[in-house]
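Please keep the structure in view while reading.

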Amino acid sequence: MVQIVLLSMVSLIAGLIVTPIVIKYSKKLHITDKPNARKIHQEPIPTLGGIAIAISFIVGLIILQPTSEFHLSILCGATVILLLGIFDDIYDLSAKFKFVIQVLVACMVVYWGGLEVEFINLPFGGELEFGLFSELFTILWIVGITNAINLIDGLDGLAAGVSGIALIPITGMAMMMGDTYVTTMALILLFSVLGFLKYNFYPAKIFMGDTGALFLGFMISVLSLLGFKNVTVVSFIIPIFILGVPISDTLIAMIRRKLNNRPMSSPDSAHLHHRLMQFGFSHKQTVLFIYMLSALFSVSAILFTMTTLWGSILILTVILFVLLILIDTLEMINSKFKPLSTFFKRTSHYKYWKK
């Protein structure tokens, strides 16, 4: 394992070398992310940073050459997703078209590659089989996580940092389970992200664009499935917790748009990072706060593997309560939808909560 860790660091070096080259040619080709009402940056920033991440990842693959029965389908799916992101960054493709391609890629991984979660081992004995829904569940997971990473890509270094934080526990737990393939792939991807993050953190010199966000989302969705395939109910919650920030932000956005009678694909300025900045956080403070939140989810995921079933339920309850407080305070669903504030106001101790 030590050798794998050391060799995978070549992706970090590749990222540090390749990213400035991508910045240079993005500027030459005028492929930049231009400011608008929803975006934070004030001037055009080179995009296609996802190409730098992908090249660094490929370098790591060439050096380490991981093997698995799922490897070919994963690489083919990642290639299609990468091309989709490149064309989207250049030509601004429609949300429906991107969604269809993502579903087709997920279907390819499931039906051709054979990756699916068929059942869950229950902690008290027996199995919970998905049956016909196993393939549907796997497809929804891949498409959902792919888009979730893309949705949080709104601030300098945000999506890259959250992805990196998520990859750390995925790597660590794959090591503990003796899964060499997931460990190797996750390490290569992690170091590729870290090499890029040096240029992407605030103030960013380059954005990853949809190229990077979709690529990272797809790879993380697949690796998290592979790493926790057919495990206990409690353990299966682990990848959900590891990806807690993008998953919760996506679900909240879906609820918000449904309540406001807006299309699911319509963009808005009420995501977690938008609300934090409207709340008074600076750009850098917002990113670091979400990093901290992601780390909290990751630590909770690790604690899940070390505690009893009742301990896991307690951790889940605390995390959900923290999320409810955050959603309510930042008014992430609707400014009129404030159930917790209403509850506190109706109690005799509201003045202490207000303080």
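## Lining of the largest cavity

In this predicted model, helix 11 and helix 14 (309–329) each contribute at least two residues to the lining of the largest cavity, and helix 11 provides the largest share, namely four residues. The space in this largest cavity amounts to about 60 Å³.

Its lining is made up of Val 245, Ser 248, Asp 249, Ile 252, Leu 272, Leu 293, Leu 323, Leu 326, Ile 327 and Met 332. Sorted by class, the lining of the largest cavity holds eight nonpolar residues, one polar and one charged.

## The second cavity

The class count for the lining of the second largest cavity is six nonpolar, no polar and no charged residues.

## Packing of helix 11 on helix 6

The axis of helix 11 (residues 244–259) comes within 9 Å of the axis of helix 6 (residues 133–151), and the two cross at roughly 90°; helix 6 and helix 11 are therefore roughly perpendicular to each other.

On the helix 6 side, Trp 141, Ile 145, Ala 148, Ile 149 and Leu 151 take part in the contact, meeting Pro 246, Ile 247 and Thr 250 of helix 11. The residues of this contact comprise seven nonpolar, one polar and no charged.

How values were computed. Residues numbered from 1 in each chain as written. Predicted model: local features only at pLDDT ≥ 70, side-chain atom pairs only at ≥ 80, totals over all residues. Heavy atoms only, no water. Axes fitted to C-alpha atoms, helices over the stretch in contact; angles between N-to-C directions. Parallel < 35°, antiparallel > 145°, perpendicular 65-115°, else oblique. Contact = heavy atoms within 4.5 Å. Nonpolar A, V, L, I, M, F, W, Y, C, P; charged D, E, K, R; others polar. 1 Å grid on protein atoms, 1.4 Å probe; cavity = no way out; pocket = protein on both sides within 12 Å on 5 of 7 lines; lining within 4 Å. Points joined across faces, edges and corners; volume = space filled by probe spheres on them.
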